[in-house]
Amino acid sequence: MDIILKYFPEISDVQKQQFEALQGLYEDWNSKINVISRKDIQSLYLKHVLHSLSIAKVIEFLPNAKILDVGTGGGFPGIPLAILFPKTKFHLVDSIQKKIKVVAAVAHALKLENITSDHLRAEAVQGQFDFVVSRAVTTMPSFVKWVNKKVRKEQLHELSNGILYLKGGDLTEELSSFKKTSIYDLNDFFEEDFFETKKVVHLPLK
């Protein structure tokens, strides 16, 4: 938990309590449904929570903005971002029902009223969103096909509406056909070795 306060010292007492509760909630759920690898559960705040919050180093989501989290798994990056931006609306989807069960339970336990969740494939999601966020569920070309029509034209933020994708490694080939991408190296924001090759990729879609 200290690592969250290290990089986000301005959070409120309520947000601090919500972040603190994540460890116990995920340990409990992970004993029933394996949503986080066993070796990662003790690194929850570094590898899952702070990694999710790295998107907040690139953009500050505005009140009433709508964010779609595709392939959320156990709720990442959506749940940490929903804690950080309580006035922004998050819709978390995953094709695996048991994972969405965990997402709904964690959101309920934390009283996160800005989260909705659904057992859906990305292609079946209805509505349009300011941004689509995800943690490397597939290659960018495949992901764009899934969500291309899910991004609305009206702009609320300075950053163009589109995809904010958490990826690692050399992305040169994968992104070669997308000329408008911006890549943010997470080691510019965080000093821990875990972030050495991690990135946020922004791809405008409107």
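In the predicted model, the side chains of Asp130 and Arg152 meet in a salt bridge, with 3.1 Å between the closest N and O atoms. The two residues are 22 positions apart and link distant parts of the chain: Asp130 belongs to the loop between strand 3 and strand 4, and Arg152 to the loop between helix 6 and strand 5. Asp130 has a relative accessible area of 0% and is therefore classed as buried, the limit for that class being under 20%.

The total number of salt bridges in the model is 8. Another of these connects Glu191 with Lys6, whose closest N and O atoms are 2.6 Å apart. Because Glu191 is located in the loop between strand 6 and strand 7 and Lys6 in helix 1, this pair ties together parts that are 185 residues apart in sequence. Glu191 is exposed, at 61% relative accessible area, whereas Lys6, at 41%, is partly exposed. Lys6 and Glu191 also belong to a network of salt bridges that includes Glu192. A further salt bridge is formed by Asp28 and Lys32, with an N to O distance of 3.2 Å. In this pair, Asp28 is partly exposed, with a relative accessibility of 38%, and Lys32 is exposed, with a relative accessible area of 53%.

An open sheet is built from 7 strands arranged in the order 3-2-1-4-5-7-6, with mixed pairing. Its edges are formed by strand 3 (residues 115-119) and strand 6 (residues 182-185), each of which pairs on one side only. From one strand to the next, the twist averages 20°. In general, the strands of a sheet pair through backbone hydrogen bonds, in either a parallel or an antiparallel manner.

At the edge formed by strand 3, strand 2 and strand 3 run parallel and are joined by 5 bridges. Within this pairing, Val93 is placed opposite Asp118 of strand 3. Helix 5 packs on the sheet and touches both strand 2 and strand 3, its direction making an angle of about 165° with that of strand 3.

Strand 5 pairs with strand 4 in the parallel sense through 4 bridges, and with strand 7 (residues 198-204) in the antiparallel sense through 7 bridges. Strand 5 is mostly covered, with 6 of its 7 residues buried.

In soluble globular proteins, nonpolar side chains tend to be buried together. The largest nonpolar core of the model comprises 51 residues, and the members with the most contacts inside it are Leu22, Tyr26, Phe61, Ile79 and Leu164. Two or more residues are contributed to this core by each of several elements, including helix 1 (2-7), helix 2 (13-30), helix 3 (44-53) and helix 4 (78-84). Strand 2 (89-94), helix 5 (97-109), strand 4 (131-134) and strand 5 (162-168) are also among the elements that contribute in this way. Apart from this core lies another, of 20 residues, whose members include Val70, Val93, Ile163 and Leu205.

The surroundings of Leu22 were examined with its neighbours within four places in sequence left aside; the residues in contact with Leu22 are then Leu44, Tyr45, Val49, Ile79, Ile83, Val106 and Leu110.

A corresponding analysis was made for His48, a residue of helix 3. With a relative accessibility of 8%, His48 is counted as buried. When neighbours within four places in sequence are left aside, the contacts of His48 are with Ile36, Asp40, Ser43, Phe76 and Arg135. His48 and Arg135 are 87 residues apart along the chain, and their C-alpha atoms are separated by 9.9 Å.

Conventions:
Residues numbered from 1 in each chain as written. Predicted model: local features only at pLDDT ≥ 70, side-chain atom pairs only at ≥ 80, totals over all residues. Heavy atoms only, no water. Core = buried A, V, L, I, M, F, W, Y, C linked by side-chain atoms within 4.5 Å. Buried < 20%, exposed > 50% of the residue type's maximum accessible area, 1.4 Å probe, protein only. Contact = heavy atoms within 4.5 Å. Pairing = 2+ DSSP bridges. Axes fitted to C-alpha atoms, helices over the stretch in contact; angles between N-to-C directions. Salt bridge = Lys/Arg side-chain N within 4 Å of Asp/Glu carboxyl O.
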